[in-house]
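Load the model in a viewer and keep the selection tool ready. The stops below go one at a time, each with something to select and something to check.

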Amino acid sequence: MPIFFSVERIIGMSFTKTLYICSMILNKETAQKTAELLLQINAIKLQPQNPFEWASGWKSPIYCDNRITLSFPVIRNFLREQIASQIETLYGKPDVIAGVATGAIGIGILVADYLNVPFCYVRPEAKKHGRQNKIEGFVQPHQNVVVVEDLISTGKSSLAAVEALRESDLNVKGMVAIFTYGFDISEKNFAEAGVTLHTLSDYAEIVEQAERSGYITSEENALLAQWRKDPANWNPTMAVKSENN
């Protein structure tokens, strides 16, 4: 079980402009604190000995549901303020914040409210009825937009939202997300789409924080590292055997 602590002490944490080369992480301190909070409330669960099965069929030792953060006011406000700070540092104040449906609608609204700018969200596909909108909310051509996302895996759904915004003649400045697995395929997809991605935290920070807090053992850390190298072909049974040899 994760270690619990008083989350009130995160308020007032300073924001340092630190760019880590070859990383989507803008601020190391924010990355560590975000990892700590996500593990604390089980928004991210690590089960290397009893893996989850994703919709893709992959066996995974990690499961992420950042919508849980919305139920914790202090934590959701921390995420809101850190995302907003990074957006202003990277891009200045945008004309619009766009959330990716459905997971990032909540945090996107919070960020837009904090920045006092309009909000819209992008559906995976246009509605079949009514106005048949794919983008919900009022936007105008040539507005500067920053996309807010809760989770990046391969990046395909996130980049589909960017494509929809561009098709509406909106200028997508970049994307800021809460967490990324950091898969090579996602980095390739974002590079090919010409989209800059920054995240509050990532897989490496989560695993490091989990071991530091006693959530996982060093042996489980090794299993998590094996999965990260080749998630599509990772076999938890073979991984355990390998560790025991």
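Where is the place of N133? N133 sits in the loop between β6 and β7 (135-136), where strands (E, at least two residues) and helices (H or I, at least four) are DSSP runs numbered from the N terminus. Before going further, note that this is a predicted model, in which local features need pLDDT of at least 70 and side-chain atom pairs count only at pLDDT 80 or more, while totals for chains, interfaces and linings use all residues. Residues are numbered from 1 along each chain as its sequence is written, and side-chain values use heavy atoms, with hydrogens and water left out.

**Stop 1: N133**

Select N133 and colour by accessibility. N133 counts as buried because its relative accessibility is 18%; buried means under 20% relative accessible area, exposed over 50%, and partly exposed in between, with a 1.4 Å probe and protein chains only. Next, show the side chains of N133 and E136, which a polar contact of 3.4 Å joins. A polar contact is a pair of N or O atoms within 3.5 Å; within protein, one must be able to donate a hydrogen and the other to accept it, and residues adjacent in sequence count only if both atoms are side-chain atoms. Leaving aside neighbours within four places in sequence, N133 is in contact (heavy atoms within 4.5 Å) with R123, E125, A126 and K127.

**Stop 2: C120**

The C-alpha atoms of C120 and E136 are 5.5 Å from each other, although 16 residues separate them along the chain. C120 has a relative accessibility of 0% and so counts as buried. Not counting residues up to four places away in sequence, C120 touches V96, I97, A98, G99, I135, E136, G137, V139 and L165.

**Stop 3: α2 and α3**

Select helix α2 (residues 73-91) and helix α3 (residues 105-115), whose axes come within 9 Å and cross at roughly 60°. Axes are lines fitted to C-alpha atoms, for helices over the stretch in contact, and angles run from 0 to 180 degrees between N-to-C directions. The two helices, α2 and α3, are therefore oblique to each other; angles under 35 degrees count as roughly parallel, over 145 as roughly antiparallel, 65 to 115 as roughly perpendicular and the rest as oblique. Now show side chains: R76, L79, R80, E81, I83, A84, I87 and E88 in α2 meet I107, L110, V111, Y114 and L115 in α3. By class, this contact has nine nonpolar, no polar and four charged residues.

**Stop 4: α4 and α5**

Move to helix α4 (residues 156-167) and helix α5 (residues 184-193), which pack at about 10° with axes 10 Å apart. That angle is why α4 and α5 are roughly parallel to each other. In α4, select K156, S158, L159 and R166; these meet N189, F190 and A193 in α5.

Stay in α5 and select S186. S186 is buried, its relative accessible area being 0%. Its side chain reaches the backbone oxygen of F183 at 2.7 Å. Beyond neighbours within four places in sequence, S186 is in contact with I152, S153, T154 and G155.

**Stop 5: α6**

Finish with helix α6 (residues 203-212), where Y203, E205, I206, V207, Q209 and A210 are the buried residues. Their cover includes α1 (28-40), β1 (44-46), β4 (62-64), β9 (171-180), β10 (197-202) and α7 (218-229). Just after α6, check the backbone of G214, which takes a positive phi of about 85°.

Methods:
Nonpolar A, V, L, I, M, F, W, Y, C, P; charged D, E, K, R; others polar.
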